Amino acid sequence: MKLNKFRILNYKAITDSGECDLLTDKITILAGQNESGKTSILEALRDFDVDQEISPEAKPDGKDNANPEIICEFSIEKSDIEEIENDTEDKVEIPKEVKDAIVKDKTVVIKKSFPSNKYSLDENIIGTWEQSLSNQLEPKVEGEETAEQPKPESKNIAELQEKLADRLMRIVPY
């Protein structure tokens, strides 16, 4: 996986960095005036790392209800998904529809938020995941009386997608 772009929200003095695209030529320059947030951007990207928590000092001053969020888009190859599926130590079951959507888009968006410091996937992938679980439920047979099937629990979906996002982060080369 390779970082394509990022967005930083409510991190120190950064209210919203907007989407910051990284060029594909392996050279990135971060330039700006003194006190313009260059170091904060680098600290936020550091805090996005697996072994880092978003520091409480990253919370913006004077904004009690604003929590830092770091959102990164990565390019992803089918081999990255296969690596996760073949990992016997930390098995993550990825529904076929979710895997197909990620491979088709060739990107995955992962967000890390304060104070939970947990990773989550973007809403499109979560929606695909929920739909795939709904489709796995046994359909009603016409004319038969059956109890209504329970909807997949969003808590379980959240746990599964958090585990996948966390596992994806572990294959990011630094």
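1. Strand β1 and strand β3 (residues 20–21) run antiparallel and are joined by 2 bridges. Strands here are DSSP E runs of at least two residues, numbered from the N terminus. Two strands pair if DSSP finds at least two bridges between them. Within β3, Asp-21 is the bridge partner of Lys-5.

2. A word on the source. This is a predicted model, in which local features need pLDDT of at least 70, side-chain atom pairs count only at pLDDT 80 or more, and totals for chains, interfaces and linings use all residues. Residues are numbered from 1 along each chain as its sequence is written, and side-chain values use heavy atoms, with hydrogens and water left out.

3. β1 also pairs with strand β4 (residues 69–75). The sense is antiparallel, over 7 bridges. Here Arg-7 has Ile-71 of β4 as its bridge partner.

4. Strand β2 (residues 14–16) is another antiparallel partner of β1, over 2 bridges. Tyr-11 is bridged to Ile-14 in β2. The hairpin of β1 and β2 has 2 residues between the strands, and Lys-12 takes a positive phi near 50°.

5. How much of β1 is buried? Of the 10 residues of β1 (residues 2–11), 7 are buried, so the strand is largely enclosed by the rest of the structure. Buried means under 20% relative accessible area (1.4 Å probe, protein chains only).

6. Now Asp-80. Asp-80 lies in helix α2 (residues 78–86); a helix is a DSSP run of H or I, at least four residues. Asp-80 is buried, at a relative accessible area of 10%. Leaving aside residues up to four places away in sequence, Asp-80 touches Met-1 and Ile-171 (contact means heavy atoms within 4.5 Å).

Technical notes:
Buried means under 20% relative accessible area, exposed over 50%, partly exposed in between (1.4 Å probe, protein chains only).
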